[in-house]
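Thank you all for making the time this morning. I would like to walk through one protein model with you, going from the overall figures to the individual strands and helices.

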Amino acid sequence: MAKWGEGDPRWIVEERADATNVNNWHWTERDATNWSSDKLKSLLVGLSVENEEGKCEVTEVSKCEGEASINNRKGKLIFFYEWNLKATWTGKSTSGIKYKGTIEVPNLSDENDMEDLDISVSLNKDEPDTPLTNLMKTKGAEKVREALGSYVGFLKTEFTQGMILPTANGVAKPQPTSQSKAKTDKTQISSSSSTAAPINTGVKIPTCKFSIKEMFLTSPAELYRVFLNQEMVQAFTHAPATVDGERGGKFRLLDGNVFGEFTELIPDEKIVMKWRYNNWPCEHYATISMTFLDRSSETELKVECRGVPDNEEERTKEGWKRYYFEAIKQTFGYGARLF
């Protein structure tokens with residue numbers, strides 16, 4: 001596989017310098033191609049949009065050609081990916097007529113920003129014209145763009161688990177030893193040779209529960225909306241996010257570090273969701289309940305967390321305070337005294 005920068009004199013100097021490094025941490029590489037192919041397919045298949053004309057869904061990824069890798073270069077991670085994608089979408093009008101078309105993305109690459117992606121949506125030649133084509137060209141294409149953005153976030157967070165910087169516990173070798181491979185009781189670490197998703201072994205892990213309270217200078221209705229409106233979530237996280245603010249709707253934010261599903265919604269009063277960090281044990285979710293209480297000119301937000309892994313308690317508390325509470329106050333001007 002050709003490496004980016006090959007032929008650049010600076011590249012040659014780096015490789016020569018690495019050859020003299022007995023600790024072998026100046027340059028390590030992990031192939032992310034097979035993992036990426038599986039992740040792209042899982043993110044795209046099942047995407048759906050609908051309006052008064054009917055509903056459309058991505059049913060198959062027929063072409064997923066390309067490669068991806070991550071390089072640890074003197075403690076800095078460098079990401080390379082280049083993909084040519086083709087998918088099938090099917091539509092069904094409100095009158096029951098079915099349609100089929102294609103989606104093509106020829107330039108998903110580390111050299112292109114998400115907004116620069118070419119997402120081509122078309123209806124198959126033998127299909128009659130339908131307004132559903134325009135639905136896929138607008139809302140459908142946007143959902144595809146968000147899914148591909150999530151892939152990049154996962155590549156930079158989920159897949160890099162195990163590419164530990166040299167300062168962490170003195171680890172220098174990129175390949176896990178037989179002993180480290182055996183230590184999978186609590187933490188899922190992607191092996192550099194892994195081509196499949198982590199397996200849910202069903203092992204129970206110790207968990208805890210806790211609650212946090214915070215005051216916001218806004219109404220319960222407005223604060224409730226902040227958590228369910230995709231544009232508002234993107235505003236306070238300062239990053240692309242996917243938020244389907246309905247019961248059963250999924251969300252993904254903070255570059256793929258946090259994701260889950262809304263399980264109960266009581267407008268302006270309560271939000272319950274399955275919630276997890278991406279590096280928690282596979283398929284393990286905490287249950288987060290948010291209660292919005294009207295305190296005259298302020299809103300008291302009570303967050304109850306259950307099922308958080310014991311060793312993640314402090315990180316989860318600090319994450320909510322920093323990336324939710326503080327970020328929301330700073331972005332929307334809801335600042336209030338600490339509760």
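Let me begin with a term: a residue is called buried when its relative accessible area is under 20%, exposed when that area is over 50%, and partly exposed in between, using a 1.4 Å probe and the protein chains only. On that basis, 43% of the 339 residues of the protein count as buried. Please keep in mind that this is a predicted model, in which local features need pLDDT of at least 70 and side-chain atom pairs count only at pLDDT 80 or more, while totals for chains, interfaces and linings use all residues. Residues are numbered from 1 along each chain as its sequence is written, and side-chain values use heavy atoms, with hydrogens and water left out.

The protein has seven helices and 13 strands, where helices (H or I, at least four residues) and strands (E, at least two) are DSSP runs numbered from the N terminus. If we take contact to mean heavy atoms within 4.5 Å, then residues 24 or more positions apart account for 60% of the contacts with a separation of 6 or more.

I turn now to the strands, and two strands are said to pair if DSSP finds at least two bridges between them. Strand E4, residues 76-93, and strand E5, residues 98-109, pair in the antiparallel sense over ten bridges, and Thr88 has Thr102 in E5 as its bridge partner. E4 and E5 form a hairpin with four residues between them, and Gly96 in the turn has a positive phi of about 100 degrees. E5 also pairs with E6, again in the antiparallel sense, over four bridges, with Ile103 standing opposite Val121 in E6.

What lies in the loop between strand E6 (120-123) and helix H3 (132-157)? Thr130 is found there, and because its relative accessibility is 11%, Thr130 counts as buried. Leaving aside neighbours within four places in sequence, Thr130 is in contact with Tyr99 and Leu123.

Helix H3 itself has 26 residues and reaches 35 Å from its first C-alpha to its last, close to the 38 Å expected at 1.5 Å a residue, the expected span being 1.5 Å times one less than the number of residues. There is a kink of about 35 degrees in H3, centred on Gly140, the bend at a residue being the angle between axes fitted to the seven residues ending there and the seven starting there.

The other sheet I want to show is an open one of seven strands, in the order E7-E13-E12-E11-E10-E9-E8, with antiparallel pairing. Its edge strands are E7 (207-216) and E8 (242-243), each of which pairs on one side only. Within this sheet, eight bridges join E10 to E11, Leu265 being partnered with Ile271 in E11, and these two strands form a hairpin with three residues between them, where Asp268 in the turn has a positive phi of about 65 degrees. E11 pairs in turn with E12 over six bridges, and six of the eight residues of E11 are buried, so E11 is largely enclosed by the rest of the structure.

Finally, helix H7, residues 313-332, lies across E7, E9, E10, E11, E12 and E13, running at about 20 degrees to E7; here axes are lines fitted to C-alpha atoms, for helices over the stretch in contact, and angles run from 0 to 180 degrees between N-to-C directions.
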